[in-house]
Amino acid sequence: MSRPDTLMWLSAHEFRLGWRDWLSMMTAGRRKRARTVAIALIVFAAFMHLLAWSMVARYAEAGVMPDKATLVIVTGTILLSWSLLLSQAMESVTRAFYARSDLDLILTSPVSPRKVFSVRIARIAGSVALIAVFLASPFINVLVWLGGAHWFAAYGVVAAMGALATALAVAITIALFRTIGAKRTRLVAQFLAAVIGAAFVIGLQVVAILNYGNLSRFAALQSDWLMAHAPDAGSVLYWPARAVLGDPAALTAVAAASLALLVASIAIFAGNFGDHVIAAAGISNGMVRQRRWQLGFRRRSAARTLRQKEWTLLRRDPWLMSQSLMQILYLLPPALLLWKSFQGGTSAIIVLVPVVVMAAGQLGGGLAWLSISGEDAPDLVATAPITARRILWAKIEAVMSAIAMVFAPFLAALAFASEWSALAAAAGVLLAAASATMVQLCFRTQARRSQFRRRQTSSRIATFAEAFSSIAWAGAAALAAAGTWFALAPAIIALAILAGVKWISPPNHA
Amino acid sequence: MANPLNRPVALALRQLTKRFDRPAVDALDLAVYGGEFYALVGPNGAGKTTTLRMVVGLLKPDAGTICIEGIDALADPVAAKQITAWLSDEPMIYDKLTPFEYLEFVAGLWRIEAGEAEARARDLLGWLGLEPHANERCEGFSKGMRQKVALAGALLHDPKLIILDEPLTGLDAGTARQVKNVLRERVRAGGTVIMTTHILEVAERMADRIGIIANGRLIAEGTLDELRKQTGAAASSLEDTFLTLVAEQVAAE
C-alpha cells in the first residue's frame with residue numbers, strides 16, 4: 001500500500017471506489033449476481049464480435065489504403081465517436097462538481113485539493129476511455145484478427161480520444177463556471193452535453209437527408225462535395241485516422257498531444273476545481289416565485305394533483321430534461337426527412353414511422369420509471385386517502401399525456417403527408433409508450449429520482465423487455481404504414497413479450 | 001383493555017402480527033385513547049416502527065385488526081387515512097417543490113377545499129417559521145426545515161390521529177421545541193398523538209401514557225408512575241424503569 005496523501009494512494013482510493021461503484025451498478029447491489037453479470041458480459045462480448053465481424057470483416061480482408069476517401073470516412077467516424085465521448089465526459093465532470101458524496105470529507109481533510117482533483121479528473125478520463133475501448137474493442141479485435149496487428153493502434157487512438165474529450169470537458173465546464181456562475185452551469189452544461197452527444201450524428205443525418213433523401217450518416221461522408229472540399233491526404237487533420245490505420249508516427253503524435261492536453265488541463269484547472277465545487281455546494285436552490293404565492297391554491301382532484309406534481313417535477317429537473325431532450329433531438333432528422341418527403345411526395349416517410357415509435361417507447365419507459373418508481377415521497381402518497389389503483393392510474397395518465405404532448409405535433413405533420421402513416425405511427429406511439437409503462441409497472445421498485453441514470457440496473461429483464469417491445473411495435477407500425485398484413489407478426493411478438501413480462505414479474509406487482 | 005381516561009378509543013390494535021425473518025410484531029394488543037399523547041418506546045428492532053407503519057397503511061399485517069376512530073383500517077383504508085397523519089424521522093418531501101406547493105399537493109391528495117387549505121397552509125407556515133422560505137424549493141433546506149415542511153403537511157388536513165416515528169431525531173433544540181409545542185397544541189385541541197422516540201426524557205415529559213415494546217410485544221404500559229410501580233422503584237427515572245423492564249423481558253426469554 002502506498003503512503004497516504006500521495007497521488008498513488010488517492011488513485012488507489014479512486015480506483016477502488018470506481019470499481020465498487022461499477023460492480024454495484026452492474027449487479028444492482030446484489031453480490032450474488034456477479035457470476036450472472038460475468039456470463040452476460042461474455043455473451044454480450046461474443047454477440048458484439050459477431051456483429052462487428054459482419055460489419056467490418058470485408059474491409060479488413062480487402063485491406064484498407066490510407067487514401068483520401070478512406071481518411072475522410074475514418075475521420076468522420078472518429079469525430080462521431082468523439083462527440084459522444086465529449087458528451088459523456090461533460091456529464092461526468094458536471095456530476096463531479098455537484099454530487100456531494102465524499103467531497104465534504106475530502107475538502108475538510110488536510111489533503112491538498114489540487115492532488116484530489118488531479119486524481120479525480122484522471123479518473124474521469126480513465127472511465128471515459130474505458131467505456132470507449134469497451135465499445136470499440138469488438139470492431140478492433142475483428143480488424144486485428146483479419147487485417148493484422150497494426151489495427152491494435154486503434155486502441156491507442158480510442159484511449160487518446162477519451163483523454164482529449166475529458167481535457168476539453170473540464171475546460172468547457174470551468175469556463176461555464178467562470179462566465180455564467182455555479183447556479184446556471186449545471187443546467188447549461190447538462191443541456192450542452194446532451195446537444196454535443198447528438199449534434200454530430202444529427203448533423204450528418206441532416207446533410208444526408210438534404211442531399212440524398214435518406215438517414216445514412218455515411219452518405220454524407222462519402223459525398224462528392226465533401227471529397228472536393230476536404231483537405232488533401234497529407235493533411236495533419238487526418239493524423240488520428242492514420243493512427244487508427246496503424247501509422248506509428250501518427251499514433252505517437254495523437255497519443256502524445258491528447259495526453260499533453262489532459263495533463264495541461266489537470267495542471268491548470270485542478271487547483272481551483274475545489275473552489276468551484278464549494279461554489280456549487282453553496283448555490284441557493286430556492287427560486288422565489290412570488291406570483292405562485294399570490295395566486296394561492298388551485299382546486300384540483302387528487303388525480304389531477306398527482307399528474308400536475310409529476311409534470312412540475314420533470315419540468316424543474318434540468319438533468320432529467322437533458323436526458324429527455326437527447327431522445328427528442330433524435331426526432332429532428334426524421335422530422336426533416338418528413339418535410340423533404342412531403343415536398344417531394346416520395347414514399348420515404350414510411351422510414352419515419354418506426355423511428356418515431358421507438359422514440360416514444362424509450363421516452364415512455366423513462367417517464368414511467370420517474371413517475372412510478374422514482375417517487376421521492378412514497379410515504380406521503382401511500383398514506384393519502386386514495387386507493388393505490390387510483391394513484392397508479394394518475395401516474396400512468398401523467399406519462400401518457402406527456403408522450404401525447406411531445407408526439408402530437410409530429411404526428412399531425414405526418415398526417416399532412418400521409419394520413420394512413422400518421423394513423424399507424426399514432427397507434428405505434430400509443431402502444432410502445434403504454435407497453436414501456438406496463439413493463440415499468442410490473443418491475444417497479446422504490447427509488448429516488450436522482451437514481452434515474454441507474455434505472456436499467458434494477459432489472460435487466462425490464463430493460464430488455466422495454467427495448468424489445470418498442471422495437472416490435474416500431475416494426476408493426478412500419479409494416480402497417482406500408483399497408484401489409486405482416487404487421488401482425490411483430491405486434492404478436494410485442495404482445496408475447498408483455499405477456500412474458502407479466503408472467504415473470506414479482507407477484508405483488510403483476 | 002382498561003380505559004383510564006374514560007375517553008373513546010382513537011386507535012385499537014388487536015393481535016396485530018407481522019413477520020419478516022422473525023416476528024417483528026407479535027400478536028400486539030394496544031389501545032390509545034382520544035386526546036391522549038402516547039409514547040411508544042423500546043430498544044432498536046423492538047417493532048415500534050413496523051407497528052406504526054402497519055397502522056398508517058405502509059405495511060400489510062400478517063394477522064390482527066387495526067381500528068382508527070372506529071374505522072376498520074384494513075377494510076376501509078381510505079377512510080382511515082383521511083383522518084390520520086404520518087411523519088417519519090426521515091422527512092420525504094419533493095426537492096423541486098416549494099413548501100407552499102408541497103402543501104398544495106397535500107391538500108389535493110386529502111381533497112381539502114382549496115380556500116380552506118390555503119388559509120391553513122399559510123397559518124402553518126407562519127406558525128412553524130417557514131413563511132420566509134415558502135417560495136423556495138426544498139432542495140436547499142436543512143433537515144430541521146424539511147421536518148417542519150413535512151409536519152405542516154401532516155397537520156394540513158387537521159388529522160384526528162397523528163403518528164410520528166422519531167420526529168425529533170437530528171433536530172436542533174429550537175426546532176425540536178417548536179415541534180413539541182405543535183404536538184402539545186394538537187393534543188390540547190382534542191387530537192391524539194402517538195410517537196416513538198429514543199429520547200426517554202421527551203416521553204417522560206410529554207406523554208400521558210408510555211408503552212414499552214420489546215421483541216414485538218407490549219411488555220409494559222401506563223403513566224410514568226404506573227411504570228415505576230411495576231419495577232418497584234418509586235423515584236426512578238423513565239430511563240431506569242425502561243432498562244429494568246427491558247432487562248426483565250430479555251431475562252424471561
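This section describes the two chains of a predicted model, the contact between them and several individual residues.

Chain A contains 21 helices and 0 strands. Of its 510 residues, 42% count as buried. Contacts in chain A between residues at least 6 apart in sequence were examined by separation, and 80% of them join residues at least 24 apart. Chain B has 9 helices and 10 strands. Its 253 residues include 48% that are buried. For contacts in chain B with a separation of 6 or more, residues 24 or more positions apart account for 71%.

The largest nonpolar core holds 143 residues. Within this core, A:V356, A:V357, A:A425 and A:A477 touch the most other members. A second, separate core comprises 71 residues. Among the residues of this second core are A:L71, A:V119, A:A198 and A:F269.

The contact between the chains draws 35 residues from chain B and 32 residues from chain A. On the chain B side, the elements that give two or more residues are α2 (77–82), α3 (99–109) and α4 (114–127). Of the elements of chain B, α3(B) gives the most, with 7 residues. By class, the side of chain B that touches chain A has 16 nonpolar, 9 polar and 10 charged residues.

Helix α3(B) is mostly covered, with 11 of its 11 residues buried. The buried residues begin with B:P99, B:F100, B:E101 and B:Y102, and they continue through B:L103, B:E104, B:F105 and B:V106 to B:A107, B:G108 and B:L109. Just after α3(B), B:R111 takes a positive phi of about 55°.

Helix α12 of chain A (residues 302–315) packs against α3(B). The two axes come within 7 Å and cross at roughly 150°. Angles over 145 degrees count as roughly antiparallel, and α12(A) and α3(B) are therefore roughly antiparallel to each other. The crossing is left-handed. From α12(A), the contact is made by A:A302, A:T305 and A:K309. From α3(B), the contact is made by B:F105, B:G108 and B:L109. These residues divide into 3 nonpolar, 2 polar and 1 charged.Helix α12(A) also meets a helix of its own chain, α17(A) (residues 388–417). Here the axes come within 9 Å and cross at roughly 45°. The helices α12(A) and α17(A) are therefore oblique to each other. Their crossing is right-handed. On α12(A), the contact involves A:A303, A:L306, A:R307, A:E310 and A:W311. On α17(A), the contact involves A:R390, A:I391, A:A394, A:K395, A:E397, A:A398 and A:A402. By class, the contact of α12(A) with α17(A) has 7 nonpolar and 5 charged residues, with no polar residue.

In chain B, B:R209 lies in strand β9 (residues 209–214). The residue B:R209 is buried, because 21 other C-beta atoms lie within 10 Å and the cut-off for burial is 20 or more. Neighbours within four places in sequence aside, B:R209 is in contact with B:E36, B:Y38, B:E221, B:G222 and B:T223. One of these, B:G222, is 13 residues from B:R209 in sequence. The C-alpha atoms of B:R209 and B:G222 are 5.0 Å apart.

Two loop residues of chain B also have positive phi values. With 14 C-beta neighbours inside 10 Å, B:D158 counts as partly exposed. For B:E166, also a residue other than glycine, phi is positive at about 50°. The loop that holds B:E166 runs between β7 and α6 (173–188) of chain B. B:E166 is partly exposed, because 17 other C-beta atoms lie within 10 Å.

Methods
Residues are numbered from 1 along each chain as its sequence is written. Chains are lettered from A and ligands numbered from 1 in the order in which they are written. This is a predicted model: local features need pLDDT of at least 70, side-chain atom pairs count only at pLDDT 80 or more; totals for chains, interfaces and linings use all residues. Helices (H or I, at least four residues) and strands (E, at least two) are DSSP runs, numbered from the N terminus. A residue is buried if 20 or more other C-beta atoms lie within 10 Å of its own, exposed if 12 or fewer, and partly exposed in between; C-beta atoms are placed from the backbone. Two residues are in contact if their C-beta atoms, placed from the backbone, lie within 7 Å. Ala, Val, Leu, Ile, Met, Phe, Trp, Tyr, Cys and Pro count as nonpolar, Asp, Glu, Lys and Arg as charged, and the others, Gly among them, as polar. Axes are lines fitted to C-alpha atoms, for helices over the stretch in contact, and angles run from 0 to 180 degrees between N-to-C directions. Angles under 35 degrees count as roughly parallel, over 145 as roughly antiparallel, 65 to 115 as roughly perpendicular and the rest as oblique. A crossing is left-handed if the near helix is turned anticlockwise from the far one by less than a right angle, and right-handed if clockwise. A nonpolar core is a set of buried Ala, Val, Leu, Ile, Met, Phe, Trp, Tyr and Cys residues joined through C-beta atoms within 7 Å.
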